[in-house]
Amino acid sequence: MTTLELFLHFLIGLGVSFLGALPLGIVNLSVVDVTANENFRAGLNLSFGASIIEVIHFLLAFWLGALVIELLEGNVYVQVFVVVLFVSIGLLYFFKKRKEEAKCPAYQLSNFLKGIVLSAINPQAIPFWVFVIAGLNSSGWVMLDEMAGLQWMLIFLLGVWAGKILALVLFGKLSLLIVSKLSSISGWMNKIIGGVLFLIAGWQMIHLFTA
C-alpha cells in the first residue's frame with residue numbers, strides 16, 4: 001500500500017461523491033435556500049449534516065448492495081413515498097414566506113440537524129453508491145470489497161465526505177452570487193426551489209408508471 005494509492009482512493013471518492021451531489025435534489029436545494037435566506041455559515045452547517053448521512057448511505061450500499069436496490073427500486077410503496085416526499089417539500093417551499101415576513105416559530109431544528117434529516121429521508125443515494133461500488137471494483141481502480149483493508153475504506157470514505165461537502169459549498173456560494181447580483185430573485189427563491197422539486201417529483205412519477 002503506497003501513499004499514491006491511498007491518495008488515488010481519496011481523489012476517486014471525492015470526485016464520484018462530488019458528481020453525485022450535483023443533480024438537483026432536496027439537500028442541495030435546501031443549502032441554496034438556507035444560504036440565500038440566512039448566511040453562508042448556516043448553509044455550511046446544513047452541508048456538514050448531510051455529508052455525514054452520505055457516508056452512511058455509502059456504507060449501507062457497501063454492506064447490503066443488491067438487497068437495497070430491490071427494496072428501493074422494486075417496492076412501489078417506497079417509490080410512491082419518494083414522490084409524495086418531493087411534492088410535500090415542494091409545497092412547503094412554494095408557499096413559504098420570506099424570512100422578513102414569516103414569524104419565527106418557538107423551536108426550529110438546527111441547520112446541522114436539518115441536513116441530517118433531509119439527507120436521511122432521501123434514500124436515492126444508496127442505489128447510486130451500489131452501482132458506483134460495483135463499477136469501481138470491476139475497473140480495478142480501487143479496492144472496495146470485503147477483502148480491502150480498513151485504511152482503503154477509511155480514505156475512500158473521507159473522499160466521499162469531502163466531495164459531498166465541496167459540492168454543497170459550491171451550491172451555497174452560487175446562491176450567494178446569484179442573490180447578490182439579482183436581488184429581485186431572492187423573493188422568488190422559495191418558489192423556484194418548490195418548482196424544481198415539483199419537476200423532480202414529476203420525473204419520479206413518470207419513472208414509476210413506465211418501469
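## Exercises on a predicted helical model

L92 is exposed, with a relative accessible area of 62% (exposed means over 50%, buried under 20%, partly exposed in between, with a 1.4 Å probe and protein chains only). This is a predicted model, in which local features need pLDDT of at least 70 and side-chain atom pairs count only at pLDDT 80 or more, while totals for chains, interfaces and linings use all residues. Residues are numbered from 1 along each chain as its sequence is written, and side-chain values use heavy atoms, leaving out hydrogens and water.

**Exercise 1. Is S175 buried or exposed, and which residues does S175 touch?**

Step 1: Find S175 in helix α8, residues 150-181.

Step 2: With a relative accessible area of 3%, S175 is buried.

Step 3: Leaving aside residues up to four places away in sequence, S175 touches V32, T35 and A36 (contact means heavy atoms within 4.5 Å).

Step 4: Check the side chain too: a polar atom of S175 there lies 2.7 Å from the backbone oxygen of G172.

**Exercise 2. Which residues touch the most other members of the largest nonpolar core?**

Step 1: Recall the term: a nonpolar core is a set of buried Ala, Val, Leu, Ile, Met, Phe, Trp, Tyr and Cys residues joined through side-chain atoms within 4.5 Å.

Step 2: This core has 22 residues, and I26, V27, F86, I89, I193 and L197 touch the most other members.

Step 3: Two or more residues each come from α2 (26-37), α3 (40-64), α5 (76-94), α8 and α9 (189-210). The most come from α2, which gives six.

Step 4: Zoom in on L197: not counting residues up to four places away in sequence, L197 touches G25, I26, L29, F86, I89, G90 and Y93.

**Exercise 3. Which residues of α3 meet α6?**

Step 1: Select helix α6, residues 111-120; the axes of α3 and α6 come within 7 Å.

Step 2: On the α3 side, the residues are A42, N45, L46, F48, G49, A50, I52, I53, E54 and H57. They meet N111, F112, K114, G115, I116, S119 and A120 in α6.

Conventions: Helices (H or I, at least four residues) and strands (E, at least two) are DSSP runs, numbered from the N terminus. A polar contact is a pair of N or O atoms within 3.5 Å; within protein, one must be able to donate a hydrogen and the other to accept it, and residues adjacent in sequence count only if both atoms are side-chain atoms. Axes are lines fitted to C-alpha atoms, for helices over the stretch in contact, and angles run from 0 to 180 degrees between N-to-C directions.
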